[in-house]
Amino acid sequence: MEWSLEGVRELVAGGMQSMRECESSALGTGLCLLLLFVWYCYRVGREHSTPPALRGAYGAEAGRGAGTRAALSGPQMRGASKGRPAAGAEEQNGFAYCQSPECFRCGHGGEGLNQRLYHSLQDYAKRYTWAGMGRVHKGVRDQGRYLSSRPSIQKPEVFFLPDLPSAPFFSREAQKHDVELLERSFPALLAEFESVYHQPPARAGSPLPPGWKANGTPHGQWWTFYLVNQGTALALNARRCPRAWRVLGQLRTFIANNVFGNACFSVLSPGAMVAEHYGPTNVRLRCHLGLRVPPGCELVVGGEPQCWSEGSCLLFDDSFLHTALHEGSVEDGPRVVFMVDLWHPNVAAAERQALDYIFTPGR
């Protein structure tokens, strides 16, 4: 092959033309890939933003059960989380349903509640991720169907998380660390109960010491002293019980950041009975540490009776129908427990974070 200036020019021109053709081909391929990616994002966004069940299932399937559930936008209760005020209770199927306007469960949210739950879940997913949200998404999407179709023995009033193992009572091994911590703290908790219980009445004509709340019962008296009520800390009560507050801070599974979390001293007088009722959700286990347990006291959950024991914890799922009673004599004194709400052990960390966001107090 002979080399000349013209030959080199032709070779360079041919190479530059080939490069231009390759650039055009690569640019076209890149544009196609970009359009495919935009189309994929659009389809995924539509699937997550408008689930089929949202448009019709909530109103039709929730039925009467939705009427007893909460409007989360209502004011937070400043008393007992599961109290049944006698003046505001309605009997349905033989069971008492709370209608207190102060209770987040009792504002008759209906379809509006389910819409707010789903919008809150969408907002959470946009801020963080949809990863690990399968059960929560399923529960929020089909909440009306779940709550209306539950058997009468277990019927949470606000939120049901599907595919969660359930039983009226749980072994202490389910939350071993927190149970053992509470039992080790028995002397300190008992001493602080005594200090707040034996205070003079808060005002003339009232038998209640400062910070205590009276709850409606068919018989007898039921008093509660809340440190945390529906996810909101009560600062004055917490200052009166610094050791109990410190214990709450050391618990690994205490529900501290949403409306399903409570911590309080609970007192039943002799002859008292708490009306049968359901808790708001199955994502928590309620823990009772016995502080004073005279004879004749019993807790019945899902038809299964259990007795408290001083210095020991009972773990139960309060979304089951349950009641508590004190059939002892006046000489026996009151039954006293320290009550805290712990996460169900089968609720994953990602699900807990999402539920904290969805059920933030005041949302």
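Mentor: Among contacts in the protein chain between residues at least 6 apart in sequence, 75% join residues at least 24 apart. Please keep in mind throughout that this is a predicted model.

Trainee: How many helices and strands are there in the protein chain, and what share of its residues is buried?

Mentor: The protein chain has 10 helices and 14 strands, and 49% of its 363 residues are buried. Its accessible surface comes to about 17200 Å², with 57% of that belonging to carbon and sulfur atoms.

Trainee: How should I read a nonpolar core, and which residues touch the most other members in the largest one?

Mentor: The general idea is that in soluble globular proteins nonpolar side chains tend to be buried together. In this structure the largest nonpolar core has 34 residues, and those touching the most other members are Leu182, Trp212, Leu248, Leu291, Phe338 and Val340. The elements that give two or more residues to this core include the helices H6 (176-184), H7 (186-197) and H9 (242-250), and also strands such as E5 (222-229), E9 (284-292) and E14 (335-343). H7 gives the most to this core, with five residues.

Trainee: Which residues is Leu182 in contact with, leaving aside its neighbours within four places in sequence?

Mentor: With those neighbours left aside, Leu182 is in contact with Leu189, Val247, Leu251, Cys287, Leu289, Cys313, Phe338 and Val340. Apart from this core lies another, of 23 residues, with Met133, Val136, Phe159 and Leu161 among them.

Trainee: What span does H7 reach, and which of its residues are buried?

Mentor: H7, a helix of 12 residues, reaches 16 Å from its first C-alpha to its last, which is close to the 16 Å expected at 1.5 Å a residue. Its buried residues are Phe186, Leu189, Glu192, Phe193, Val196 and Tyr197. They cover an arc of only 135° around the axis, and therefore they lie on the same side of H7.

Trainee: Where are Asp163 and Gln230 found, and is each of them buried or exposed?

Mentor: The feature to look for here is a positive phi in a residue other than glycine, and Asp163 is one such case, with phi near 60°. Asp163 is found in the loop between helix H5 (143-149) and strand E3 (169-170), and at 54% relative accessibility it counts as exposed. Gln230 also has a positive phi, near 50°, and its place is in the loop between E5 and strand E6 (232-233); Gln230, however, is buried, with a relative accessible area of 0%.

Trainee: How many disulfides does the structure hold, and why is there no bond at Cys287?

Mentor: In general, a disulfide is a covalent bond between the sulfur atoms of two cysteines. This structure holds zero disulfides. Cys287 is buried, with a relative accessible area of 0%. Cys297 is likewise in no disulfide, since the nearest cysteine sulfur, that of Cys307, is 8.3 Å away, and Cys297 counts as buried at 5% relative accessibility.

Trainee: Where does Val330 lie, and how many residues apart in sequence are Val330 and Gly271?

Mentor: Val330 lies in the loop between strand E13 (322-326) and E14, and at 67% relative accessibility it counts as exposed. Val330 and Gly271 are 59 residues apart in sequence, while their C-alpha atoms are 8.1 Å apart in space.

Notes. Residues numbered from 1 in each chain as written. Predicted model: local features only at pLDDT ≥ 70, side-chain atom pairs only at ≥ 80, totals over all residues. Heavy atoms only, no water. Core = buried A, V, L, I, M, F, W, Y, C linked by side-chain atoms within 4.5 Å. Buried < 20%, exposed > 50% of the residue type's maximum accessible area, 1.4 Å probe, protein only. Helix = DSSP H or I, 4+ residues; strand = E, 2+ residues; numbered from the N terminus. Contact = heavy atoms within 4.5 Å. Areas by Shrake-Rupley, 256 points an atom, 1.4 Å probe, with all protein chains shown as cover. Expected span 1.5 Å × (residues − 1). Arc of directions from axis to C-beta. Disulfide = S-S within 2.5 Å.
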